[in-house]
Amino acid sequence: MTRPALLIGALLGLAVPALPALADEPDSNVLYNHHCSVCHGVSRLGGIGPALLPDNLSRLKPDEAVEVIRDGRVASQMPAYGELLSEPEIAALAEWIYEPPEVEPTWTDADILASHEVRHPYGTLPDAPVFEVDDLQNLFIVVEIGDHHVSLLDGDTFERITRFPSRYALHGGPKYTPDGRYVYFGSRDGWVTKYDIYNLEVTAEVRAGINMRNIAVSADGRYVLAGNYLPHTLALFDARDLDLIATIPVEGLNGESSRVSAVYTAPPRDSFVAALRDIPEVWEIRWPEERAEGDETIVGDFALHRMEAPDYLDDFFFDMEYRYLVGAARGGKGGQVFDMDEEVKVADLPLEGMPHLGAGITWELDGRRVMAIPHIDKGLVSVFDMTDWSLITNIETDGPGFFMRSHENSPYAWVDVFFGPNHDRVHVIDKQSLEIVETLIPEPGKTAAHVEFDRRGETLLLSVWDDDGYLLWIDANTLEEIDRMPMKRPSGKYNVWNKTQYEEGTSH
């Protein structure tokens, strides 16, 4: 068995069969099924990796596809196959993924409706929690990608309340209702799952698409929006039982359709914001206010606002008031700042390569608001002045990072070194001096990543990403370990208070 196949198989907990001997003419179907389907899905419809279909590859040139297969892709789980496959085999695979499938994949409103299941209709379960904790706002949801489970933790005692199976390949982070009672999960293969934390029950599910990026919940808790890679749609649901309200085709002013890279909630604006992969626009969808007419409650229409952008933008950061949006394309030509009230670009940021704006955080420094973002292709954290969008400094790290976290009550910002040989390290940055004051190595050789603070900023959780991994419970001030809990490759942790209050030190 080949080493890359072993690595990917081990990652997913799957057995990978030996590759049969190939004829002189490369068989693209056999090559794909052996090397690619475990991540990109049967029939190329997507899984951990994106769907590999012509409509989804519009911005990847065929010669670039050859390079990705041969050399891998930086800051992703895509391995390099240059030492395993011959050049003719690589070329055959690259050509084949641009060919339309025998049966064109579709996912219509009828398919969404047919997938819909309501196990416990809204309002039928008790309103009192079936467990006891001191603070329902200090709970954590922890996603364990090693065996596709989710744990619910008490943030005060570091005790597991329950552990339950999830859909395959959860992605984009779970989203809470404003009161923290319900949490919604989105999976790469399109499923949206609603879970009642108080009753420890899945209440409803629906499949929004074939290949989905993430979901967002409106600030008033009434709507759930799903952003799809395949088909090129936004799917809007009633948050109560996940009934379909509408699907929105994602088409630009130029007539081109686009994948959706991410969807966000902008609470002060009563809107959703969508990052689009293939058209140079930013979309804001404002939800209607309810009004009374006689004995009826009338809900108006959703309003779509488009902002034209000079480049493709698929990664966003917002200021605390959600007036300004900072966007960048992965591997693009710098960041761009938009005034969402005026719907115009107002500034450029000197960003190159692959900044991870979605992991950006903010804090107060010398009476001004600053933003800090890690880079996923270089060992830097960039810090900007948000009053004039000027660069304050670049903090050098031991390698490219992916996640950055802090809390308004903490003097420190934490950033991992997720990519590269030093992935077992986590840096602690003083938010006033902008210097690294500590570098932790929880488990030599094992990836350490993704910090999340408790609601008060007194303790934090840090993951060791391994099938035999664990969570570390750490004192946020002394940086000392308090306890640890074994878990199967724990990835993201999400505190109810921080996520529902849009705490400045966490991603939104």
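These legends describe close-up views of one predicted model. Because the model is predicted, local features are given only where pLDDT is at least 70 and side-chain atom pairs count only at pLDDT 80 or more, whereas totals for chains, interfaces and linings use all residues. Residues are numbered from 1 along each chain as its sequence is written, and side-chain values use heavy atoms, with hydrogens and water left out.

View 1. With a relative accessible area of 1%, E452 is buried, where buried means under 20% relative accessible area, exposed means over 50%, and partly exposed lies in between, for a 1.4 Å probe and protein chains only. The side chain of E452 makes a polar contact of 3.3 Å with the side chain of T506; a polar contact is a pair of N or O atoms within 3.5 Å, and within protein one must be able to donate a hydrogen and the other to accept it, while residues adjacent in sequence count only if both atoms are side-chain atoms. Leaving aside neighbours within four places in sequence, E452 is in contact (heavy atoms within 4.5 Å) with residues including F140, R405, Y494 and T506.

**View 2. The second largest cavity.** This cavity has a volume of about 40 Å³. On a 1 Å grid over the protein atoms alone, a cavity is a set of points where a 1.4 Å probe fits but cannot get out, and lining residues have an atom within 4 Å of a point; grid points are joined across faces, edges and corners, and the volume is the space filled by probe spheres set on the points. The lining consists of F403, M404, R405, W414, V415, D416, V426, H450 and V451. The elements that give two or more residues to this lining are β27 (404-405), β28 (412-416) and β31, and β28 gives the most, with three residues. By class, the lining has six nonpolar, one polar and two charged residues, where Ala, Val, Leu, Ile, Met, Phe, Trp, Tyr, Cys and Pro count as nonpolar, Asp, Glu, Lys and Arg as charged, and the others, Gly among them, as polar.

**View 3. Salt bridges around E144 and R163.** Side chains of opposite charge can pair when their charged atoms come close. A salt bridge is a side-chain nitrogen of Lys or Arg within 4 Å of a carboxyl oxygen of Asp or Glu, and by this rule the structure has 34 salt bridges. R160 and E144 meet in one of them, at 3.8 Å from N to O; R160 lies in strand β4 (residues 159-165) and E144 in strand β2 (residues 139-144), so the pair ties together parts that are 16 residues apart in sequence. E144 also meets R163, at 2.9 Å from N to O, and this pair links strands β4 and β2 across 19 residues. R163 in turn forms a salt bridge with D147, their closest N and O atoms being 2.8 Å apart. E144 is buried at 1% relative accessibility, whereas R160 is partly exposed at 34%, R163 is partly exposed at 30% and D147 is partly exposed at 25%.

Methods: 1 Å grid on protein atoms, 1.4 Å probe; cavity = no way out; pocket = protein on both sides within 12 Å on 5 of 7 lines; lining within 4 Å. Helix = DSSP H or I, 4+ residues; strand = E, 2+ residues; numbered from the N terminus.
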